[in-house]
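Colleague: I'd like to learn how to read aromatic contacts in a model. Could you walk me through this one?

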Amino acid sequence: MARPGISITLLERRGACPCRHRHQPGDTFDFDTERGKLCPLAMHVAFIYADILRYGGRVPGEPPGTARFCCPDPDTMNVFRLEIREAHARPPSSENGCLPGKRNSPDD
């Protein structure tokens, strides 16, 4: 089953200090494949909005399929936008729901 992709874009920095993770306005990340490149503080907040959008919800005051949020670092305060993109396929799994090549129990 395909699920919608999500992109995360840094829109602006409102705080006085530069981002400790060196993000710049205009940086864009794929939520599913590049989350390790995004600051953990921002990603912690992004997860909530990604789930809302991915499963059909809407954030009040935002256009459908989008959400804005801020990094919780009060000195930097980066503003990000999440957007739903085209659907992409989930990774393959075996019949029991485990990823191929993964052990299912310590006895395997």
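Modeller: Gladly, starting with a charge and a ring. A charge sits over a ring if NZ of Lys or CZ of Arg is within 6 Å of the ring centre and within 35 degrees of the ring normal. Here the charged end of Arg-35 sits over the ring of Phe-31, 4.4 Å from its centre. This is a predicted model, where local features need pLDDT of at least 70, side-chain atom pairs count only at pLDDT 80 or more, and totals for chains, interfaces and linings use all residues. Residues are numbered from 1 along each chain as its sequence is written, and side-chain values use heavy atoms, leaving out hydrogens and water.

Colleague: How many aromatic pairs does the structure hold?

Modeller: Rings of Phe, Tyr and Trp (its six-membered ring) pair if their centres lie within 6.5 Å; planes under 30 degrees apart count as stacked, over 60 as edge-to-face and the rest as tilted. The structure holds three such pairs. One of them, Tyr-49 with Phe-69, is stacked at 6.0 Å centre to centre, with 15 degrees between the planes.

Colleague: Which parts does that pair tie together?

Modeller: Helices (H or I, at least four residues) and strands (E, at least two) are DSSP runs, numbered from the N terminus. Tyr-49 lies in helix H1 (residues 40–54) and Phe-69 in strand E3 (residues 66–70), so their pair links parts 20 residues apart in sequence. Phe-69 also stacks with Phe-80, at 5.3 Å centre to centre and 15 degrees between the planes. Tyr-49, Phe-69 and Phe-80 form one aromatic cluster.
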